[in-house]
Amino acid sequence: MEDTQMDEGNVALETPAPDVFVPPSIHRAETLAGETYTHFSPVPPSLLPQTSPSDSQAGEPCVLGVDEAGRGPVLGPMVYGVFYLPQTLSDSLLKETHHFDDSKVLTPAVRSSLMQTLCTASTDLHSSCGWAVSCLSARDIGANMLRPSTSAAYNLNAQALDATISLIQGVLSRGVNVREIYVDTVGPPAAYQAKLARVFPTTKITVAKKADSLYPCVSAASVCAKVTRDAALEVLYEARVEADLGDGVEEGDEKAGELTWGSGYPSDARCVAWLRKNMHPVFGWGPECRFSWGTAKDMLETKGGVKVEWPVDEEDENSRLTDYFADSNKEKDADELGTWFGTPASLEAF
């Protein structure tokens, strides 16, 4: 994939805060193993159906926003987030009271504080809102995008669409009465909206550019996704530090200081420097890296990585089973019945 470039100001905003809040959406074991997973917050009791739990139309009408974080970095997961709350509270609670905005314009400290408030039981956000995230690991993103040519392509847009659909279906299955869905676009808004409308035909769906700045529920989903990604980066970073310390590298040594990888974007000099200094010549990096990104591929192929040549399968390994019982080079007009039980033996056989 072509690497995403960012200016210095955006790189600073994308860099996790040193003391980022670690939300319950961080599943440490799965993160360190490079596995993709999904996390759903508890549904506030006020949003659950008051009659039958299976009747999603009985609960209070809600709006739901969808946004992602970490689409372009070479390091760390891409996280999709959804956020839902009553229609009547969308502007007053999110925009006016708590000042949610696109996570890319909020400082790391503000994002972390908003997420901590959302996860604190005694707050108005916790009692009125629900959220969920899907963490698409760097390992799985790369593996899907590097599928062999014989397999169906599974690019980043397709992975993003599947994650979005799965999150929305998960919220609906928990009994939330979602009446309106707002999504920050992936590609042309009309085409993306049509795809979602086919899956959720009874729900009003709006897909728009800059939706994370236009709709408060999308802004909140953006914050949930970004803080989860920030915390996941910290977990992966700490694991690398601990691994190096276990290998005998002291905390004050030069190599220990090289583990600061910044925002994880290819345009971040700290990220590129970390990749160069921590690349294994055969295996590259750990579960934190997207091997399908141009930065990683170029380093492995041209900056000290060992060239690996995969042998081409011999033609006879792809032979059909019937080729061992009949002459595969027989003429097209050969007598089919005459060779039904195999090719007749020649005189040389006797």
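Helices (H or I, at least four residues) and strands (E, at least two) are DSSP runs, numbered from the N terminus. This is a predicted model, where local features need pLDDT of at least 70, side-chain atom pairs count only at pLDDT 80 or more, and totals for chains, interfaces and linings use all residues. Residues are numbered from 1 along each chain as its sequence is written, and side-chain values use heavy atoms, with hydrogens and water left out.

Entry on positive phi. I looked up Lys 210 and found it in the loop between β6 (204-208) and α9 (211-214). Phi of Lys 210 is near 60°, a positive value in a residue other than glycine. Most residues other than glycine have a negative phi. Is Lys 210 buried or exposed? Lys 210 has a relative accessible area of 59%, which makes it exposed (over 50%; buried is under 20%, partly exposed in between; 1.4 Å probe, protein chains only).

I then looked up His 99, in the loop between α3 (90-97) and α4 (108-118). Phi of His 99 is also positive, near 60°. His 99 counts as exposed, at 53% relative accessibility.

Entry on helix packing. I looked up α7 (residues 156-173) and α8 (residues 189-199). They pack at about 40°, with axes 11 Å apart. Axes are lines fitted to C-alpha atoms over the stretch in contact, and angles run from 0 to 180 degrees between N-to-C directions.
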